[in-house]
Amino acid sequence: MAKKASRKELAESIFYEPLPVDARITLEQQSHILGSTTKNLNKDENFLIEYMKPKTVADTEELTAQFKKNFPLKNNKTLKDNKSKRTKKKLLTSIEKRKLGLHKLPKTGIKYASLAPLHQLWVEYMENNLNLEISATGANKDGLYQKIAKADYHGCLLMVTRSKCPSYIGAKGIVVQETKNTFQIICEEDKLKIIPKRDSVFTFNISRWTFTLFGNHMNIRPSERASRKFKSRPTIDL
Amino acid sequence: MNMSGKKTNTSGSDGFQRLNFLYQASIVALNAVPHYPQITSVFGKNMISIGKKLQLKLDHSVKRTICKGCKVLLIPGKSVEVKIKPIPASRKRKSRRGNQRKIQEWKCMLCSCVKQFVLNPGYSLWAEQNMDST
């Protein structure tokens, strides 16, 4: 016992500050009167079991299980979890989307070479859509311009020819994501570049025609572009 | 598609071409970058919003391969797990022949959204029925 006590004291001295002497003495006195709490519980149980045994048929194990049950005085009803949780999980919140990486593409890891079929598909789509052999020779090109403005540019091989920021000039790559204000392209070095549409001019080739896109006129979401009517605007110099 | 086979400049044809391209592009992109399926969510998102803007209806076969949550293209084995399950107990009471029927569950690997289709032998979709009659 003495050893144990000394150990306890050691542990206490490490974790806690020592109690003031008065408090300790009063506590010890009280514990003598009450006995330690764990001992008391055991005594009660034993007493109860001995008391109940002759009066019931139940086993001692059942009895002990019964005694261990809690009978709270105040009946706290647990709130139903079903109401707070959505039963069928559809539609993500913005935070969840951000965590999944739906808004941002990785800076590296998507390879330029692997996107070649996407570009090929885009060229086919544009050739079909614009029907250049006929429309380019015609006198009235308003329809053609409208179509170019409304076309989709995912998979396009864009090149930045003019820009306010000189480091963007000459950047060339396949568009993987288009947002309201940016083109996100994968360059030949397998890097993602995010190029703002504003204050930059892009060019792209389809077979033997080259087109220039003025980024200033394209500051619209790609999906909104489909339904908007474009007015012919004079090109604004950068 | 037009019945007579002529190329007409209806209001939708441009939009349909774009939708078609987007769907094909998302398949190509998923094949090109299989380790990063998030790339296809852009295409899916655009497809849905263009459809809304131009009031074009996506075909059910297209609609069923776009995840409701993250808009990623769903291709079994690549971005979805497809399982066949018995109908859950809570729904059994409502349907008379519930015990026989089963559910096809598509669970998106990315966002774990679930699509469920009741497997009902001898049932064809309304869109498919219409196609047959005309």
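This is a predicted model: local features need pLDDT of at least 70, side-chain atom pairs count only at pLDDT 80 or more; totals for chains, interfaces and linings use all residues.
Which residue is the bridge partner of Ile185(A) in E4(A)? The answer is Lys193(A).

Strand E3, residues 182-187 of chain A, runs antiparallel to E4(A), and five bridges join the two. They belong to an open sheet of six strands in chain A, with the order E4-E3-E2-E1-E5-E6 and antiparallel pairing. At the edges sit strand E4 (192-196) and strand E6 (209-214) of chain A, each of which pairs on one side only.

Next, the contact between the two chains. Chain A puts in 31 residues and chain B puts in 29 residues. On the side of chain B that touches chain A, the elements giving two or more residues are helix H1 (11-32) and helix H2 (40-53) of chain B. Of these, H1(B) gives the most, at eleven residues.

Last, confidence. For the model as a whole, ipTM is 0.80 and pTM is 0.70. Chain B has an average pLDDT of 82, and 81% of its residues score at least 70. Residues 1-6 of chain B are a stretch where the pLDDT is below 50. Beyond near neighbours in sequence, that stretch has one contact in the model.

That's it from me.

Note on methods. Residues are numbered from 1 along each chain as its sequence is written. Chains are lettered from A and ligands numbered from 1 in the order in which they are written. Two residues are in contact if their C-beta atoms, placed from the backbone, lie within 7 Å. Helices (H or I, at least four residues) and strands (E, at least two) are DSSP runs, numbered from the N terminus. pLDDT is the predictor's confidence in each residue, from 0 to 100. Two strands pair if DSSP finds at least two bridges between them.
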